[in-house]
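Please examine the model shown below before reading on. The paragraphs that follow move from the overall fold to the packing of individual side chains.

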Amino acid sequence: MAKKKISLTSRVLIGLLLGLIIGIMVFRLPSGVIKDRILINGIFQLLGQVFLRGIMMLVVPLVFISLVNGAANMGDVKKLGRIGIKTVGFYLTTTAIAIIIALLLGFFVRPGLGLDMSSIEVVEPTINPKVPLIQILYEMVPKNPIAAMAEGNMLQIIVFAILTGVGLSLLGEKVEFLVTLFINLNELIMKLVEIIMLFAPIGVFGLIAKTFATVGYSGLLPLLKYIVTVYIGLIIHMFLVYGGLLKGFTNLSPMTFYKKFLPAMSVAFSTASSNATVPVSLEIAEKELGISKNIASFTVPLGATINMDGTAIMQGIAVFFIAQVYGYELSLSMIVTVILTATLASIGTAGVPGAGTIMLSMVLQSIGLPIEGIGLIMGIDRLVDMGRTVTNITGDAVCTAVIAKQEGEINMELANS
């Protein structure tokens, strides 16, 4: 009798758990050559970075090629516009809901009250200058598309890819060979994703082991109330908001959906990067959930760039946390400002580790709270970042499923299997 093959999901989860256990064990070792140079900055760094760089290597070509395909094969420019409006509307609405959930939790749980400031290691935050919304909007159009690809500027890549796809669609039969070329290139990129995902369990192990070997659990204790509040917010949003939208609009089982999406969640948790998860999310959307390539190739990369629900939850709770630590009272107008600022700020934030800190500085500036408060939570931000990235990319997948269902471009039999 043949042995049952262990699924990729199971192997990635095993890698994640082993990384967590071994990382904490290494954290307890005394500092020295073995711990710091051989394990943390040697083996763990090598395993994690090789996998992460392999995934990141495919992000730009995958996003560009898949979006060109999606726009070119949509057939109708009006349909593309309709899907675009629905997608952006979905993302902005769920981000606003996420911030409201976070603010309610921050108000009732009060994570910053009774905190001994002396027990927190304050990290000096590096705050980027505030970028006006108008500038974010016009900088979406690239002056140099090649430079945008070299720099990994996702918003500019998305705009150029959609325009290229629309152009191919309008030219029709004249450029049929180019459309075929992009379809073949997409097949090649997806095959490369499959090859790199074979190394996912080892890569996830390395990334998680390095994180916990570096941070450990000593830094968690004084900020445990804040961390737990953020994760409660993430869980509520994942299961109530996303689960409700999924069941209400598609009639899919949220548990089946999440089980299929688990490999992408594991990659998101270990890398803390929405962009790094795009190749995995696209593969699962198309092959496991039966979603049309045209829809998935548009909504997933766009979501990785503008959908920041998990980050919005962290920001809402962090605003209350910092206000409570410094003894500020938040008025209703300040809370409304937080909701609007954080929702709009999510549009221009990159899907990379630590991007939420940039957004948080903008939100704090908008209501006059001390930006230095970010330094209180910077030390444990990586642990929160992993959870919020999982929420961000799950929102991308839920939006993709909802829009695919509305457009009749999802294989429900495969999605429910």
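**Fold, core and aromatic contacts**

The protein contains 18 helices and zero strands, where helices (H or I, at least four residues) and strands (E, at least two) are DSSP runs numbered from the N terminus. This is a predicted model, in which local features need pLDDT of at least 70 and side-chain atom pairs count only at pLDDT 80 or more, while totals for chains, interfaces and linings use all residues. Residues are numbered from 1 along each chain as its sequence is written, and side-chain values use heavy atoms, with hydrogens and water left out.

Of the 417 residues in the protein, 55% are buried; buried means under 20% relative accessible area, exposed means over 50%, and partly exposed lies in between (1.4 Å probe, protein chains only). The protein exposes about 18,300 Å², of which carbon and sulfur atoms supply 68%; accessible areas come from the Shrake-Rupley method with a 1.4 Å probe, and for residues only the protein chains shown count as cover. Among contacts between residues at least 6 apart in sequence, 85% join residues at least 24 apart, a contact being heavy atoms within 4.5 Å.

The UniProt record, an unreviewed entry, lists "transmembrane region" for residues 12–30, 50–68, 88–109, 154–171, 192–217, 223–249 and 358–380. UniProt positions are given in the numbering used here, feature names are shortened, and annotations may be inferred rather than shown by experiment. In the model, the span of residues 12–30 is 84% helix and 0% strand, with its end C-alpha atoms 29 Å apart. For residues 223–249, the corresponding values are 96% helix and 0% strand, with the end C-alpha atoms 38 Å apart.

Which residues have the most contacts inside the largest nonpolar core? They are Phe 51, Tyr 226, Phe 257, Ile 291 and Val 319, in a core of 122 residues. A nonpolar core is a set of buried Ala, Val, Leu, Ile, Met, Phe, Trp, Tyr and Cys residues joined through side-chain atoms within 4.5 Å. Helix α2 (residues 33–73) supplies the largest share of this core, with 14 residues. A second, separate core has seven residues, including Val 26, Ile 40, Phe 205 and Ala 209. Leaving aside residues up to four places away in sequence, Phe 257 touches Leu 246, Leu 252, Leu 289, Ala 397, Val 398 and Ala 401.

Helix α9 (residues 224–250) contains His 237. His 237 counts as buried because its relative accessibility is 0%. With residues up to four places away in sequence not counted, His 237 touches Thr 94, Ile 97, Ala 98, Ile 101, Tyr 242, Asp 309, Ile 313 and Thr 391.

Attention now turns to the aromatic rings. A pair of aromatic rings is described by the distance of the centres and the angle of the planes. Rings of Phe, Tyr and Trp (its six-membered ring) pair if their centres lie within 6.5 Å; planes under 30 degrees apart count as stacked, over 60 as edge-to-face and the rest as tilted. By this rule the count comes to 10 aromatic pairs. Phe 64 and Phe 160 form a stacked pair, at 5.7 Å centre to centre and 15° between the planes. This pair links distant parts of the chain, since Phe 64 belongs to helix α2 and Phe 160 to helix α6 (residues 154–171), 96 residues apart. Phe 64 is buried because its relative accessible area is 13%, whereas Phe 160, at 28%, is partly exposed.

Phe 107 and Phe 108 form an edge-to-face pair, with 5.1 Å centre to centre and 85° between the planes. Phe 107 is partly exposed at 41% relative accessibility, and Phe 108 is exposed at 64%. One aromatic cluster is formed by Phe 239, Phe 257, Tyr 258 and Phe 261.

The charged end of Arg 110 sits over the ring of Phe 107, 5.2 Å from its centre; this requires NZ of Lys or CZ of Arg within 6 Å of the ring centre and within 35 degrees of the ring normal. Arg 110 is placed in the loop between α3 (77–109) and α4 (133–138), and its phi is near 55°, a positive value in a residue other than glycine. With a relative accessible area of 31%, Arg 110 is partly exposed. Asn 251, in the loop between α9 and α10 (254–271), also is not a glycine and has a positive phi of about 65°. Asn 251 counts as exposed at 52% relative accessibility.
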